[in-house]
Amino acid sequence: MLAAVYHGPEDLRLEERPIPRIGDRELLLKVHAASICATDLRIFSGQHRKYGADTRRIPGHELVGTIAEVGSGIHEFGVGRRVFIAPNIGCGRCPLCWRGVNNLCPDYDAFGITLDGGFAEYMRVPEAAVEQGNVIPLADSVDTAAAPLIEPFACVLHGQDRVSVAKDDVVLIQGAGPIGLMHLLLAKRNGAARVIVSDQFPDRLRKATELGADHVVNFTTDDVVEAVARASGGAGANVVLVAAPAHKAMEEALSLAAPEGRINYFAGLPKDRPEIRFNANLVHYKELIVTGSTGCSTSDCRRAAEIVCSGAVDLSVLITGRYPLGEVQAAFQAARRGSSLKVVMELD
Ligand SMILES: [Zn+2]
Ligand SMILES: [Zn+2]
């Protein structure tokens, strides 16, 4: 089979590899589509802690495929079933896994991160993933190229749960990349009264307007404070979702939030510069709730798949590039451009 294999920073090679063999309690997946995420770009540039210097691994953790082979000990899945694969496999033996938050498990495995992932024609699905519910059947109506986006959408779902976006909220989303735009789609679906989106790229802001943003702000030329004040009648944003790895956005979130506002640091910061200036008095006097979120659990993926399968959210609007696996290098270069949203590898 053809596979894109990590050989070191900026060195992703197309290789011919044997199709993985599976055990009695495992599945073999024929991959149909896999999308490139910021995490993959971090892997590609050699910045991911699970990809050490001598790692040789197939990345790709946002993927969809059909079951090509079923181990003799498995009866719940049949060959030919189209499925989405939730990427994170918790250890299953720690209190975090028992509570269902396997995205926080300290001893996890994940497709494309610690296990071979979806930038290959076939992928082995180990027993733990089958047993823990990572294999999620999809409705026929879901577009194959858009189905891998269920994973980042599950992360967004998880993130908004932490700040309970609800009806009548004024929501500020900092960052109009694919994640920020998914936050927009979900906040609208959750009944937010007004959604304000800020970014520096006019194309992305245009897309945000197209997808239903009530106000867009270019923070390089416009005053975000004033825009939020205008949209909220001077009160501030009830919810601020920081979907950009930017110190300034995280610091400003505290002053842009309304009294009793909820803030989610959805994005992380570069690991060599993770500190921000944090005005504790804003948190104190406004009784703010500041939280964060990372990744998604398997149950988040199941809920996200349900929403996407119901047709309530169409993620295909976020795809800006489609490439065959043979053009994986070009796909990564495209994904790096600021004008790109989601770039998808199509393997059929
Ligand atoms: Zn991802
Ligand atoms: Zn665990």
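The model is predicted.

Start at the metal. Three residues coordinate the zinc ion (ligand 1): Cys37 through SG, His61 through NE2 and Glu62 through OE. Cys37 and His61 link distant parts of the chain, 24 residues apart. Cys37 sits in the loop between strand 3 (27-36) and helix 1 (38-44). His61 sits in the loop between helix 1 and strand 4 (62-70). Cys37 is buried, and His61 is buried as well.

Now turn to the helices. Helix 4 (residues 150-161) packs against helix 10 (residues 298-310). Their axes lie 8 Å apart, at an angle of about 110 degrees. Helix 4 is therefore roughly perpendicular to helix 10, because angles of 65 to 115 degrees count as such. Helix 4 brings Ile150, Phe153, Ala154, Leu157, His158 and Asp161 to the contact. Helix 10 answers with Asp300, Cys301, Arg303, Ala304, Ala305, Ile307 and Val308. By type, the contact residues of the two helices are nine nonpolar, one polar and three charged.

Setting aside neighbours within four places in sequence, Gly78 is in contact with Ile67 and Val70. Pro270 is 192 residues from Gly78 along the chain, and their C-alpha atoms are separated by 43 Å.

Technical notes. Residues are numbered from 1 along each chain as its sequence is written. Chains are lettered from A and ligands numbered from 1 in the order in which they are written. This is a predicted model: local features need pLDDT of at least 70, side-chain atom pairs count only at pLDDT 80 or more; totals for chains, interfaces and linings use all residues. Side-chain values use heavy atoms; hydrogens and water are left out. Donors are N, O and S atoms within 2.8 Å of the metal (3.2 Å for Na, K and Ca); water is not among the atoms, so sites may look incomplete. Helices (H or I, at least four residues) and strands (E, at least two) are DSSP runs, numbered from the N terminus. Buried means under 20% relative accessible area, exposed over 50%, partly exposed in between (1.4 Å probe, protein chains only). Axes are lines fitted to C-alpha atoms, for helices over the stretch in contact, and angles run from 0 to 180 degrees between N-to-C directions. Angles under 35 degrees count as roughly parallel, over 145 as roughly antiparallel, 65 to 115 as roughly perpendicular and the rest as oblique. Contact means heavy atoms within 4.5 Å. Ala, Val, Leu, Ile, Met, Phe, Trp, Tyr, Cys and Pro count as nonpolar, Asp, Glu, Lys and Arg as charged, and the others, Gly among them, as polar.
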